Amino acid sequence: MPVIVNGDIMTAENVREVFASTGCDAVMIGRGAVLNPWIFRQTKHFLATGELLPDASIEERVDLLREHLRLSVEYKGERAGVIELRKHYSGFLRGLPHVSRIRMELMQFTEAAPIFEHLTKFLELYSPRPQPA
Ligand SMILES: Cc1cc2nc3c(=O)[nH]c(=O)nc-3n(C[C@H](O)[C@H](O)[C@H](O)COP(=O)(O)O)c2cc1C
């Protein structure tokens with residue numbers, strides 16, 4: 001019978017420790033993935049190479065947040081989808097400059113369009129596209 005371990009697995013290193021100490025077949029990650037949506041990619045890489053990948057770039061985070069918002073609205077409807085997303089801002093934007101201010105700004109919206117606009121502005125501010133010469 002396959003044995004799956006879960007509970008308090010928050011990092012790639014935790015996964016390796018759990019596999020080594022229990023000999024389980026699989027692990028499940030709950031809150032660790034809400035706080036760090038890249039934990040699966042980081043864990044697969046860490047288990048294969050022993051190397052810890054850096055956190056995702058600003059562009060990747062904002063891209064995935066946009067996709068998450070789009071799907072959340074499609075699945076739950078505009079208002080509920082936008083409100084549901086609020087609990088994910090901290091994880092997606094973790095460690096970036098001025099996170100708490102940006103999160104507060106995003107929290108005030110109940111429609112998706114201004115969030116998309118705000119994320120575009122945020123991206124331009126922190127990761128400006130090269131201007132043509
Ligand atoms: C967003 C979220 C939703 C969850 N929904 C359920 C659920 O519907 N049923 C359930 O039995 N456990 C649910 N859990 C509990 C998880 O399955 C897991 O047992 C718990 O979060 C402990 O693992 P963790 O430390 O990796 O978060 C949920 C956890 C999270 C974070």
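**Exercise 1. The surroundings of Leu-93**

In this predicted model, find which residues Leu-93 is in contact with, leaving aside its neighbours within four places in sequence.

Solution. 
- Step 1. With those neighbours set aside, the contacts of Leu-93 are Arg-61, Leu-65, Val-99, Ile-102, Leu-106 and Phe-122.
- Step 2. Leu-93 also belongs to the largest nonpolar core, which has 22 residues. It is among those with the most contacts inside that core, together with Leu-65, Leu-69, Tyr-89, Leu-106, Ile-115 and Phe-122.
- Step 3. At least two residues of this core come from each of helix 4 (58–76), helix 5 (78–85), helix 6 (89–93), helix 7 (99–107) and helix 8 (112–126).
- Step 4. Another core lies apart from this one and has seven residues, including Val-15, Val-18, Cys-24 and Ala-33.

**Exercise 2. The buried side of helix 7**

State which residues are buried in helix 7, and determine why they line one face of the helix.

Solution. 
- Step 1. The buried residues in helix 7 are Val-99, Ile-102 and Leu-106.
- Step 2. Viewed down the axis of helix 7, the buried residues fall within an arc of 70°, so they line one face of the helix.
- Step 3. The general rule is that an α-helix has 3.6 residues a turn, so residues three or four places apart point the same way.
- Step 4. Helix 6 and helix 8 are among what covers the buried residues of helix 7.

**Exercise 3. The largest pocket**

Describe the space in the largest pocket and the residues that line it.

Solution. 
- Step 1. The largest pocket holds about 170 Å³ of space.
- Step 2. It is lined by 13 residues, and the closest to its centre are Met-10, Thr-11, Ala-12, Asn-36 and Gln-42.
- Step 3. Helix 1 (12–22), helix 2 (31–35) and helix 3 (39–49) are the elements that give two or more residues to the lining.
- Step 4. By class, the lining divides into six nonpolar, four polar and three charged residues.

**Exercise 4. A loop leucine**

Solution. 

**Exercise 5. Positive phi**

Give the phi of Asp-8 and of His-98, and locate each residue.

Solution. 
- Step 1. Most residues other than glycine have a negative phi.
- Step 2. Asp-8 is not a glycine, yet its phi is positive, about 65°. Asp-8 lies in the loop between strand 1 (4–6) and helix 1, and at 59% relative accessibility it counts as exposed.
- Step 3. His-98, also not a glycine, has a positive phi of about 60°. His-98 is in the loop between helix 6 and helix 7, and with a relative accessible area of 46% it is partly exposed.

Terms used. Residues numbered from 1 in each chain as written. Predicted model: local features only at pLDDT ≥ 70, side-chain atom pairs only at ≥ 80, totals over all residues. Heavy atoms only, no water. Core = buried A, V, L, I, M, F, W, Y, C linked by side-chain atoms within 4.5 Å. Buried < 20%, exposed > 50% of the residue type's maximum accessible area, 1.4 Å probe, protein only. Helix = DSSP H or I, 4+ residues; strand = E, 2+ residues; numbered from the N terminus. Contact = heavy atoms within 4.5 Å. 1 Å grid on protein atoms, 1.4 Å probe; cavity = no way out; pocket = protein on both sides within 12 Å on 5 of 7 lines; lining within 4 Å. Points joined across faces, edges and corners; volume = space filled by probe spheres on them. Nonpolar A, V, L, I, M, F, W, Y, C, P; charged D, E, K, R; others polar. Arc of directions from axis to C-beta.
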